[in-house]
Structure formats: C-alpha cells, structure tokens
2 protein chains.
Amino acid sequence: MSFRAHLEQLVNQVEGSVASSVMGFDGIAIDTHTVQEPGVDLSAMLVEYGHILSKLKEAAAALEAGTVSEVVINTEKLSTIARLLTPEYFLVLALRPEGNFGKGRYALRIAAPRVKAELE
Amino acid sequence: MSFRAHLEQLVNQVEGSVASSVMGFDGIAIDTHTVQEPGVDLSAMLVEYGHILSKLKEAAAALEAGTVSEVVINTEKLSTIARLLTPEYFLVLALRPEGNFGKGRYALRIAAPRVKAELE
C-alpha cells in the first residue's frame, strides 16, 4: 500500500477529519492528504508542530521518561493527533474540534505500524 | 476551595493518577499534589513541558489556529494531560500509561474553570 492509500484510509475512517500526513521532524512531509479546508495554514502548522515534537522527543529522552508515543494538540480551530513512527518520522491526523477524537486516536494507533512498515 | 483541594480531587477521581499541578508557563508551580512515585523526575518534566507548551501557544497564535486548549503528551512511562487556564497558567494531570486517560481528560475539563476561578 502506498503512503497515500494509508492516509486516505485514515481520514475516511474518522468523522471530522481535515487532513493526514506522514511528516519528517525536519518539517518536510513525505505525503499529505487534505480533505477539507481547515481554516488555518495547515502546512505551516505541521512544520511548526514537527519542530515542537522534536523538542519534546529530546526532552523526554533527557528526562528518561521513555520514548514519546503520542502527542495531541487541541486548539479552538483544530485538533491534531500525532504518533511517532521512527526517530525521523511521525504520522499526524488533523480533525475539526467536533470530530471523533477517540476514533482518531484509535485509527492512528492501528495505522502507525502499517505506515512504519512502509518506511523500512 | 484551595488549589490543593482541587488537585487532590482530580487525582482521587482518576484511576492511575500520579500527580496533578497548577503550573506557570515560567516553570514555577503554584501547587503540586503527588500521589505516586512516577519513576521519572516529575518536577523537571513539568518545567520542560511548560516551556514547550509556551512555544506551542505562541505558534498557534502566530498561525491563527486559535487558543491552545489542551495538550496531551504520552511517553512509555507517563501520560500527561495539560489544560490551559490563563495565558500564564495551566493545569496538568500525570497518569501511568495504563491509567484512565478518557476520565483524566474529562476530569481536567471539569476542574479547569474551577481552578481558573481561584486564580482571578
């Protein structure tokens, strides 16, 4: 399955999805699938979040809290759920705030090992 | 009700709770209630997370994504759920990874306006 197929499956499964992406911590996306205009500059946001996730990863390692597995950032306009795939890449799903958050977390948990397998 | 009473109520309500805290974005806690040894340096972690949340707040504002309401950071050893109270303070609950995450989110959502009222 291509990255695109995984990303499409993800947004189709979760009500209120806006976009999904396989992103590098360097802010460069391998692929992004956008289904709705989120009302914010999504690509700029993902770059910024990638940067912050990368800081978090370092902090958790320094504090011996173990690997960061999941980070959720909810703002007034957008919910984002990110799951770490490898030390270089993460999978992210953006939802409208009223979207199905629980299903989004679940769908990401299921999709992450499959997308990770494509990276290797 | 004192900050401490709110923090105690929070950890008593949520299975798997490790600690709760009212923290400033400057990394200084108003009050922290710890019920279990989390196996990580919790106070260092909260300072670090506060720093990262503060960056996130700025990024979301710059990207016009609206106010950050909630941030969840899950590592192998600890789940943390943070809710913004004011531009200066946030409320945070730390749980064991197997703790009741959904109830933690719910309990924080209910507690946040009450704790916020004490700040004003």
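Which side chains meet in a salt bridge with an N to O distance of 3.3 Å? They are B:Glu15 and B:Lys103. The model is predicted, and a search of the whole structure finds 8 salt bridges over all chains. The largest pocket has a volume of about 200 Å³, and the second largest pocket has about 170 Å³.

- B:Glu15 is partly exposed at a relative accessible area of 43%, and B:Lys103 is partly exposed at 33%.
- B:Asp31 and B:Arg4 form another salt bridge, with their closest N and O atoms 2.7 Å apart.
- Because B:Asp31 lies in strand 2 (residues 29-34) and B:Arg4 in helix 1 (residues 3-13) of chain B, the pair ties together parts that are 27 residues apart in sequence.
- B:Asp31 has a relative accessible area of 19%; buried means under 20%, so B:Asp31 is buried.
- B:Arg4, at 32% relative accessibility, counts as partly exposed.

**Salt bridge in chain A**

- A:Glu15 and A:Lys103 form a salt bridge in which the closest N and O atoms are 3.4 Å apart.
- A:Glu15 is in the loop between helix 1 (3-13) and strand 1 (17-24) of chain A and A:Lys103 is in helix 3 (residues 101-119) of chain A, so the pair ties together parts 88 residues apart in sequence.
- A:Glu15 counts as partly exposed at 44% relative accessibility, and A:Lys103 is partly exposed with a relative accessible area of 34%.

**Largest pocket**

- The volume of the largest pocket is about 200 Å³.
- It is lined by 13 residues, of which A:Asn74, A:Thr75, B:Ser69, B:Glu70 and B:Arg83 are the closest to its centre.
- Two or more lining residues come from each of strand 3 (68-75) of chain A, strand 3 (68-75) of chain B and strand 4 (79-84) of chain B.
- Strand 3 of chain B gives the most to this lining, with 3 residues.
- By residue class, the lining of the largest pocket has 4 nonpolar, 5 polar and 4 charged residues.

**Second largest pocket**

- Residues lining the second largest pocket include A:Lys57, A:Gly66, A:Ser69, A:Arg83 and A:Pro87.
- Helix 2 (42-62), strand 3 and strand 4 (79-84) of chain A are the elements that give two or more residues to this lining.
- Helix 2 of chain A provides the largest share, 3 residues.
- The lining of the second largest pocket divides into 6 nonpolar, 4 polar and 2 charged residues.

Terms used. Residues numbered from 1 in each chain as written. Chains lettered and ligands numbered in written order. Predicted model: local features only at pLDDT ≥ 70, side-chain atom pairs only at ≥ 80, totals over all residues. Heavy atoms only, no water. 1 Å grid on protein atoms, 1.4 Å probe; cavity = no way out; pocket = protein on both sides within 12 Å on 5 of 7 lines; lining within 4 Å. Points joined across faces, edges and corners; volume = space filled by probe spheres on them. Helix = DSSP H or I, 4+ residues; strand = E, 2+ residues; numbered from the N terminus. Nonpolar A, V, L, I, M, F, W, Y, C, P; charged D, E, K, R; others polar. Salt bridge = Lys/Arg side-chain N within 4 Å of Asp/Glu carboxyl O. Buried < 20%, exposed > 50% of the residue type's maximum accessible area, 1.4 Å probe, protein only.
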